[in-house]
Amino acid sequence: MKSETKEALNNAKESINKAAGHLKGEIKDLVNEVKNQTQEISAKLVAELRKKTDAGIMECKNALKECKGNMEEAMEYLRKKGLSKAAKKADRIAAEGVIALRVSNDFKKATLIEVNSETDFVAKNSDFLELVENVLDLAFKRALNTTESLDELTINDIKFEDYLKQKISIIGENIVIRRVSTIVCKQNQILNGYLHHNKKVGAITLIDYKNESNSTKLQEFVKLISMHVASMKPKFLSYLELDKDLVAKEKIAIRAELDKENEELKRLKKPLNRIPEYVSFSELTESVLKAKEEELKAKLREEGKPEKIWDKIIPGQMDRFIIDNTILDQRLTLLAQLYALDDKKTISQIVNEKNKEINDEIKIISFINFELGEGIEKRVDNFAEEVAAQMK
């Protein structure tokens, strides 16, 4: 009986040893298979993941390793990693970038946007320009007028906020969608825009007109007005939009400015500036204009000029009086500005001439002008102080 038990135990040991040998072999094969699969994942997927995310090679390898080769999970892993990077860049000042413009083929809709970056170099980067084009496309299609409205939308099936942060991670700089503005025409309206070749200034102008057959004739005209707007940067359409307190305050400043210039002109023995009594057409009431006209007539009478020619002299003198006494309007309002392409005429006069030319009743309704980085206070870094701070 003992010998049978001993034999049974030996048989059991032998079976266990055989099973263990098989198990070791299977484990070894499994380890080799896993190694091969891991090598295959690294070889096949890293390039694809890098192409989709623009993340670094090592970041892609680590993401795939963490996510066991799952491409979607690896993309999400990198996206989340990118979000944390983007957040660290959010406090950097973005004052460079581009202005972008799109005008519909029928000149009935136009969008202007400003997208800021930290450096001018990045503003020329293909990823940055792709971002700008996507934002412009979205804003134009949806006729957006606020940057906040972008956050409610998606690009490439990604929430816009996440898409922007992903791009910030890829580009490596803080990116800000600063301004978005769209104009859509009503009946008997047309618009056009102008974007300077450096993409730092852009404008859109909207006009009313009566004769529908003039639509095509007005396309280039409105573009030229937009070019003027981009160049001269008016803040208001006309003097009617100027606040009374603003006019009073600016009158003091303008007269002081001209007085100061006259000190230098006097030293150089050059003609002095006229110090205006008024600075805006809002101050040129009917009684003021009538009084000036009577003053001019009295002067012509003193000079012995025959009355029959007064009507040829006085209009020009009145125009001169108005120009000399509407300096604020010329600086701030579009209609009073001297036309950039003909500085002997105001925009208002140019519009009137166009009306006579095509027998219409054109009116400039509104305009938008963007100047890159306008109003952004750029930070000036002290390199020596920055290095000293990092050495502490």
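L206 sits opposite S366 of strand β10, a strand here being a DSSP run of E with at least two residues, numbered from the N terminus like the helices (H or I, at least four residues). This is a predicted model, so to speak of local features a pLDDT of at least 70 is needed, and side-chain atom pairs count only at pLDDT 80 or more, while totals for chains, interfaces and linings use all residues. Residues are numbered from 1 along each chain as its sequence is written, and side-chain values use heavy atoms, with hydrogens and water left out.

Strand β7 (residues 201-208) is joined to β10 by 8 bridges, and the two run antiparallel; strands count as paired if DSSP finds at least two bridges between them. Together, 3 strands make up an open sheet in the order β6-β7-β10, with antiparallel pairing. At its edges lie β6 (189-195) and β10 (363-371), each of which pairs on one side only. On average, neighbouring strands of this sheet are turned by 10 degrees against each other, direction ignored; axes are lines fitted to C-alpha atoms (for helices, over the stretch in contact), and angles run from 0 to 180 degrees between N-to-C directions. Helix α6 (residues 215-232) packs on this sheet and touches β6, β7 and β10, its direction making about 45 degrees with that of β6. Contact, by the way, means heavy atoms within 4.5 Å.

Another open sheet of 3 strands runs in the order β1-β2-β5, again with antiparallel pairing. Its edge strands are β1 (96-103) and β5 (176-184), and each pairs on one side only. Neighbouring strands here are turned by 10 degrees against each other on average, direction ignored. Between β1 and β2 (residues 109-117) there are 8 bridges in the antiparallel sense, and E96 has S117 of β2 as its bridge partner. Helix α4 (residues 126-142) packs on the sheet, touching β1, β2 and β5, and its direction makes about 145 degrees with that of β2.

Now for a pair of helices. The axes of α8 (residues 286-302) and α9 (residues 310-324) come within 10 Å and cross at roughly 130 degrees. The two are therefore oblique to each other (under 35 degrees counts as roughly parallel, over 145 as roughly antiparallel, 65 to 115 as roughly perpendicular, and the rest as oblique). Residues making the contact include V288, L289 and L296 of α8 and W310, I313 and F321 of α9.
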